[in-house]
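Student: Could we go through this structure together? I would like to begin with charged side chains and then move on to other topics.

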Amino acid sequence: MIELNINQLGKFYGARRVFKNISFNVKTGERIGLIGPNGCGKTTVLKILTGEEDYQEGQISLRKGLKLGYLNQIPYYKKDIPVEEVMTLAFKHLTRLKRKMTEYESGLQNAGSKEMEALLKQYGEICYQFEEEGGYEIKTNVNKIATGLGISDEMRKRPYDTLSGGEKTRIELAKVLLEAPDMLILDEPSNHLDMVSIEWLEEFLKTYKGAALIVSHDRYFLDRVVTGIIEMSFDKTSIYKGSYSYYVVERERRFLLDMKYYGQEQKNIKRMEEQIKRYRIWGEMRSSNKMFKKAKELEKRLEKIERMERPVFENKKVKLKFNPSNRSGKRVLELTEICKAFGGKKLFSGVGLDIFYGESVCILGKNGTGKSTLFKIIASEAIKEEGVFINTGDALIDMQKDDGSIKFGSRVKIGYLPQEIKFEDESISILEYFQNLHCLPAHIVRKELAKVLFVKDDADKKIGSLSGGEKSRLKLCSLMHDKVNLLILDEPTNHLDIDSREILEEMLIEFEGTILFVSHDRYFIARLSNRIAEMEDKRLKYYAGNYEYYREQKKREISQKEAAKARSKNEKQKMVRTTGRPKKASPKHIYEMEKLEACIEKLENNLNTLNKDMEFNANDADKLLELYNQQSALKLDLSEKYERWEKVSEIVNGINNE
């Protein structure tokens, strides 16, 4: 069934056309990735679908009764509303039903015998509706989504208006997911999430029963989630029925096929044009009207041909290439026992790091673990170190370590790209900035800037008017010019569209130097890194392999921790289940407890069987992946049953009341 259909959509802002001829549809159960270069209007399309923006051309059709869920902007709530309450706003309908149930319960206490039967029937219908629509699972669902998106218990108690912009975005995403709409419309949903939360969101969306339309620059996310790709440009959409990796291959195949047809058409046109010339020459030589007539007929045929535009495989891309002036020594950077605290609160301690020439090391870690701070400390030390060159632009960096030592290798030239690029004077032009920084004549500067797509009048733009992506391009151009041999990059793909990310990857893969970087872009990490360091428990933990090796090791670590936790919890549950129950316990809760115990026992048996199947199929990768997914779902179910059993157990044993 078609949930959404867009036909020949066009949009203007005043006299400026934003896009035209945008057509596609989304069917039930499909998860579609909407991609395209920055500025092509992807977010505008999403806003049009939700009624936030209007449009001037084309038609939009939504299935009757379709419920859309869209994370568009940070809404306003009453002052001091707790985060927990904001998330439960997703269940307004169930809250109303609960209120009705309470009203009926009060009415039943005061009803006469004649009214009782009718009221009981109505009350039963509402109770059934409440249960069927998940009324008794609200808390479980909120806990599940909050845990998955990294929303801590402490954050859930805080007033919503005290959160940062990124934290508010996470809460709004949680609320949208809890609403369980027929169709999710998500604009860069992986922004503001750490890797654990992103991977949880991927699994959530893969099993989501509704449809989804997703704008994202996260290629790894798209590859794991979407069932189709819509590539959008200014004047058309191209549809690909498959993952992002399929899109990459299929797009090239279509381009080569179009080039073949275009070449054949050009040959035919050229042949016809040459034939027309010959007919005219023959007509003049022989004074033959017949030849002129044939030339005219062929010209008319040529005019009727609908000529193909020459296929373009790529949009304009950044053309950067790093060529270090000379290589550094073998040991490039050595960190020993680095410590940093803010206001008495320890951020990290005892951090050690050795980087050697030619390595590409990625530092991972949850938001707030100090990755950017560590990079600023390295940059600050480099600025002070005699004999070490560092290009920081005009960024003012002053982040001192509390303890430890930093040593730089011989002949190290550092290029540092901070996460947030700032310029001391944003009133000057791009051209003036580059001239002042590198002391170059204007014609050389324009040639350098053209490599990062600042051409002609673009070079005269004021820095203050640039987007985040344009500022990144300007900074990278500066690093390239200085021929550095150690790149320290803090989230280098931020603000870049997919095309620009890919050219940055190619440039860095060819870079004949050393790279230390932080990124949440897993596709970028997978292509670039050959060693991983993760900031965990205030220290760096190393994985001597690429990103895929790191992921496998993390799965193994998590599986071992879960197994140990489950064994401990299982023993605890068995001990408690044999202790008996107070005679005055509620029959309702005793019944629920017994039902949960039977369910837990069954799930534990299933998990044991599954573990044996995994051992038996240890050499079958496909089967093992299937069993692993079953195991993860089973563990989640078992964990939820344990959690509920503990609460009911406390009630039965008189520890608290529900």
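**Charged pairs, rings and strands**

Student: Which residue does Glu85 meet in a salt bridge?

Tutor: The partner is Lys78, with an N to O distance of 3.6 Å. Please keep in mind that this is a predicted model. Glu85 is partly exposed at a relative accessible area of 32%, and Lys78 counts as exposed at 53%.

Student: How many salt bridges does the structure hold?

Tutor: There are 44. One of them joins Asp182 to Arg63, and their closest N and O atoms are 3.6 Å apart.

Student: Where do Asp182 and Arg63 lie?

Tutor: Asp182 is in the loop between α7 (165-179) and β6 (183-187), while Arg63 is in the loop between β4 (57-62) and β5 (68-70). The pair therefore ties together parts that are 119 residues apart in sequence. Asp182 is partly exposed, at 28% relative accessibility, and Arg63 is partly exposed as well, at 24%.

Student: What about Glu506 and Arg527, how far apart are they, N to O?

Tutor: Their side chains meet in a salt bridge at 2.7 Å, N to O. Glu506 belongs to helix α16 (residues 498-510) and Arg527 to helix α17, so the pair ties together parts 21 residues apart in sequence. The relative accessibility is 32% for Glu506, which counts as partly exposed, and 36% for Arg527, which is also partly exposed.

Student: Changing topic, how many aromatic pairs does a search of the whole structure find?

Tutor: The search finds 13. In one of these pairs, Tyr244 and Tyr523 have ring centres 5.9 Å apart and planes at 85 degrees, so the arrangement is edge-to-face.

Student: Why does that angle count as edge-to-face?

Tutor: The planes are at 85 degrees, and an angle over 60 counts as edge-to-face.

Student: Which helices hold Tyr244 and Tyr523?

Tutor: Tyr244 lies in helix α10 (residues 244-286) and Tyr523 in helix α17 (residues 522-528), so this pair ties together parts 279 residues apart in sequence.

Student: Is Tyr244 buried or exposed?

Tutor: Tyr244 is buried, at 0% relative accessibility.

Student: Which residues form an aromatic cluster?

Tutor: Tyr220, Tyr543, Tyr547 and Tyr550 form one cluster.

Student: And which rings have an arginine over them?

Tutor: Arg254 lies over the face of Tyr240, 3.9 Å from the ring centre. The charged end of Arg473 sits over the ring of Phe454, at 4.7 Å from its centre.

Student: Now helix α12, what is its span?

Tutor: Helix α12 (residues 371-384) has 14 residues and reaches 21 Å from its first C-alpha to its last, close to the 20 Å expected. Of its 14 residues, 10 are buried, so α12 is largely enclosed by the rest of the structure. Among the buried residues are Leu374, Phe375, Ile377 and Ile378, and also Lys371 and Glu381.

Student: Last topic: what is the order of the strands in the open sheet?

Tutor: The 7 strands follow the order β13-β15-β16-β17-β12-β18-β19, with mixed pairing. At the edges stand β13 (389-391) and β19 (539-543); each has a single partner strand, so one side of each is left without a neighbour in the sheet. On average, neighbouring strands are turned by 20 degrees against each other, direction ignored.

Student: How many bridges join β18 to β19?

Tutor: Strand β18 (residues 531-536) and β19 run antiparallel and are joined by 5 bridges. Lys541, in β19, is the bridge partner of Glu534.

Technical notes. Residues are numbered from 1 along each chain as its sequence is written. This is a predicted model: local features need pLDDT of at least 70, side-chain atom pairs count only at pLDDT 80 or more; totals for chains, interfaces and linings use all residues. Side-chain values use heavy atoms; hydrogens and water are left out. Rings of Phe, Tyr and Trp (its six-membered ring) pair if their centres lie within 6.5 Å; planes under 30 degrees apart count as stacked, over 60 as edge-to-face and the rest as tilted. Helices (H or I, at least four residues) and strands (E, at least two) are DSSP runs, numbered from the N terminus. Buried means under 20% relative accessible area, exposed over 50%, partly exposed in between (1.4 Å probe, protein chains only). A charge sits over a ring if NZ of Lys or CZ of Arg is within 6 Å of the ring centre and within 35 degrees of the ring normal. The expected span of a helix is 1.5 Å times one less than its number of residues. A salt bridge is a side-chain nitrogen of Lys or Arg within 4 Å of a carboxyl oxygen of Asp or Glu. Two strands pair if DSSP finds at least two bridges between them. Axes are lines fitted to C-alpha atoms, for helices over the stretch in contact, and angles run from 0 to 180 degrees between N-to-C directions.
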